[in-house]
Amino acid sequence: MSSASSVKSDARPSTGSTRDKPANKWEAAADWTDGRLGIYSLAKANLRKIFPDHWSFMLGEIALYTFIIIILTGVYLTLFFKPSMAEVVYHGPYAPLDGIKMSEAYASTMDISFEVRGGLLIRQIHHWAAIVFVASMLVHMMRVFFTGAFRKPREINWVFGFLLLFLGMFDGFMGYSLPDDLLSGTGIRFMEGAILAVPLVGTYGQMFLFGGEFPGTDIVPRFFTIHVLLIPGVMLGLLVAHLILVFYHKHTQWAGPGKTEQNVVGMPLMPVYMAKAGGFFFLVFGMVAAMSAVATVNPIWAYGPYRPDQVSTDAQPDWYMGFSEGLIRIMPGWEIRAWGHTLNMGVFVPLMVFPLVLFAIAAYPFIEGWITGDKREHHILDRPRNAPVRTAVGAAWVSEYLILLIGGGNDLIATHLHLSINDITYFVRVGFFVIPVLVFFITKRWCLGLQRRDKEKVLHGRETGIIKRLPHGEFVEVHAQLPQDKLHKYTAHEQYEPMELPAEVDENGVKRKVGVLTKTRAKLSRGYFGEGNQIPKPTAEEHREITSGHGHH
Amino acid sequence: MPEEKLPEAHDASQGHEVAPHSDPFADPGLPAHEPRRTDIDERAAKRAERQVSLMFVVSMLATIGFIASYVIFPIDKIVFIFPIGHVSALNFALGLTLGVALFCIGAGAVHWARTLMSDHELPAERHPIEADDEVRNDVIEQFKTGAAESGFGRRKMIRNTLIGSMALVPLSGVVLLRDLGPLPEKKLDHTGWQKATPANPIPLINMNTNEPMKAEDIVIGSLTFAKPEGLEESDEDFQQNIAKDALMLVRIAPEDIKDKNSAELGFGGILAYSKICTHVGCPISLYEQQTHHALCPCHQSTFDLADGARVIFGPAGHPLPQLKITIDEKGFLVATGDFDEPVGPSFWERS
Ligand code: FES
């Protein structure tokens, strides 16, 4: 640096910029912004941030994009919807309901469907997107579960994701309650019964929620505020936190050549990921729009306005609430009456089991972490077969969900398959306890079988389909050695050893106290990693022994 | 778990440092980049470029189509489209054009990324989330200094009262919710029929005809719905009242009625049950003449109307409440009192 220029720069005020002249007006604009928002430092780390690629990573993206679609269409709908239960008489273009009394909420939903151009489409997109939203969250969650992506450092993000699913389901329920049609009114009635079943405070909860007796005139406006403001607000916060954590942790990746726990291999954010992910948003939006053009969902005009003494057939909630519906349908109607009080077990028990089914899965990362005692970070995904017990637990949970779904749709199944509704219910009552256990054992065995096959492949190579005749007449199939990258992939997973209880007596011969917790943990650990619950992976020695010289079969 | 029980720290996945010969399972490192067709063949690249642009052009056309449909199709035009059936032409056209417009942008972008943007996989390093010990100790030190300066640990009285006040203050929020609704009191125990007395009975009104009913109008095996006289659809609280008052009338041959008490509450084999399911409150609407079973469509609770509406299947916990009926001097069916117990879903205070 020449002395002249240094004098010049010294002469500037100390807060001034020492930056080179921008090359064009875009750079100038960027410089201006950077001076206020510090965008360069932000972009430095992120512009070429690496994203690994795998089709299953899309599932979370679908959830994100449908959430955005729901917000966009939801805002549009609020411009036309009147969340009021005041009575009006309908005189709109839909003739079958002409002259019928209904709430303003229902009437304005009719207007949106029949008088606002494009209103029906937006309603349909809103509803379809909600269905896809919950479905994709569920499947996304399964992906994360079955690959072990929830392990440290991502446990908290798992919980955020779980909360999003939980809130998403509830907001969906509130949403389809708003139009005040016959079907949604039935759903609200169901909710009233559930609240009344809560001992001690149930009746107070009911009066306060409904502003008096069922149905009253408060419930729709109240649900409206909760549906469009409270829950989406909380969800938005959770979603941002979820994404920040995804960004911060960086994506997980599958084991493979060049992929380690210390790196992440993939394509940079700009341009490839930006184009793919940005493009994918439009793909999803386009699909949902097309779906809404061809397939009708929630045709409220066919149900009619709500009346507490009427009911439509197919009184069904949306499928994602189906498992709670299943719970309420299969529970026997036990009622305990004593000391002038009634405990409605037939409703209260399902009401309690419902969150349990969900929370069990929310707590799983912490349970597994406790069992393995593993305090390290994990970024390489597990192939589901390599964690047989976890995979079996997940499969059992999914089967429980499905069996409850059958319970929830027993009337549809009965009419479509010509079965007795009572038989289906009895089947589900037993299946609730039996099927998950069956599924657990089947899945575990299946995983172990797949593990064995992997081991076989690693040690003996892959079958080529070529039969060779040996000089002494024997026929053998030629096996081809796996290439190194495959060998690596099949052996990259970790295997834990089961935890053993400390010796009964310590070195001084004094009897050790072993707590129940420790004992449980040792038992669980044996259940996960003990003999027969995982196949020991091939060792380098085994491989060398077999491949050195003779063993090509 | 003791450290030595854990798998060796990410053994196989650190293959870079291990010579491939010593470990057959070692990580061979990132595979070499394989060029795509569009990387080496300029003609293929040009074609891909045209395909991408074509999709964007289709999107533009579709958006124009969307606007055109909005203007062209009247909102009440219904068309038949195979295999969907009768649909609103406007909804169909708007949805499809919007779908295509959005989808093509997405497809174009993805196609562009896949064929023309670089597909070199790059590794990026990860850094442990945990801070190193120096940072950790430093922060803990700073925190301790701050805590010591506040005197939070030393002045126990301040600390405890602070915790106490913080724990109580949210209660104000809960108390403020009190006026969301009235107290339950005995509201759930009674229905609109409670004003009926033997001296001052309330006539039963047919739900369909809106007329009072004569006993002989009700034939054996039929199911009729009724409401109390004076409850009109135009009433402000009609919804709230019909949610409790709705009646279901059946006529069963007297010799078929199994429950004596139930027969006495009825009149000449006509029994008046609450229409509201005792499970969670759906209206019951399905009746099976031969068996006298009424089925709730919501969760399939099944009640035997010939046997005091006893629950014979499903999740309902107790029978349907019954209303005492008789006829007045002109032969019209009337109620002389309220239901024998609260109607609808059960609740804690219900005895
Ligand atoms: S409300 Fe009738 S069975 Fe549930």
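## A loop residue in chain B

Let's start with D237(B), which sits in the loop that runs between β5 (223-228) and α7 (238-245) of chain B. Keep in mind that this is a predicted model. The relative accessible area of D237(B) is 40%, so the residue counts as partly exposed, since that class covers the range between the buried limit of 20% and the exposed limit of 50%.

How far apart in space are D237(B) and G308(B)? Going from C-alpha to C-alpha, the gap is 30 Å, while 71 residues separate the two in sequence.

## The hairpin around G308(B)

G308(B) belongs to the turn of a hairpin made by β10(B) and β11(B), with five residues between the two strands. Its phi is positive, at about 65 degrees.

As for the strands themselves, β10 covers residues 302-304 of chain B and β11 covers residues 310-313. They pair in the antiparallel sense, over three bridges. T302(B) is placed opposite F313(B) of β11(B).

## Chain A at a glance

Over in chain A, there are 21 helices and eight strands. The C-alpha trace spans about 90 × 85 × 65 Å along its principal axes.

Chain A has 553 residues, and 53% of them are buried. If you take the contacts in chain A between residues at least 6 apart in sequence, 73% of them link residues at least 24 apart.

## Two helices packed in chain A

Two packed helices are described by the angle between their axes and the distance between the axes. For helix α7 (residues 155-177) and helix α14 (residues 345-362) of chain A, those values are about 155 degrees and 10 Å. Anything over 145 degrees falls in the roughly antiparallel class, so α7(A) and α14(A) get that label. The crossing of α7(A) past α14(A) is right-handed.

Which residues make the contact? On the α7(A) side they are W158(A), V159(A), F162(A), F166(A), M169(A) and F170(A). Across from them, α14(A) brings in F354(A), L358(A), F359(A), I361(A) and A362(A). The tally for this contact is eleven nonpolar residues, with no polar and no charged ones.

## A loop residue in chain A

L419(A) also lies in a loop, this one between α17 (410-417) and α18 (421-460) of chain A. Is L419(A) buried, exposed or partly exposed? Its relative accessibility is 46%, so L419(A) is partly exposed.

Leaving out residues up to four places away in sequence, L419(A) touches I413(A), A414(A) and I424(A).

Terms used: Residues numbered from 1 in each chain as written. Chains lettered and ligands numbered in written order. Predicted model: local features only at pLDDT ≥ 70, side-chain atom pairs only at ≥ 80, totals over all residues. Heavy atoms only, no water. Helix = DSSP H or I, 4+ residues; strand = E, 2+ residues; numbered from the N terminus. Buried < 20%, exposed > 50% of the residue type's maximum accessible area, 1.4 Å probe, protein only. Contact = heavy atoms within 4.5 Å. Axes fitted to C-alpha atoms, helices over the stretch in contact; angles between N-to-C directions. Parallel < 35°, antiparallel > 145°, perpendicular 65-115°, else oblique. Left-handed = near helix turned anticlockwise from the far one by under 90°. Nonpolar A, V, L, I, M, F, W, Y, C, P; charged D, E, K, R; others polar. Pairing = 2+ DSSP bridges.
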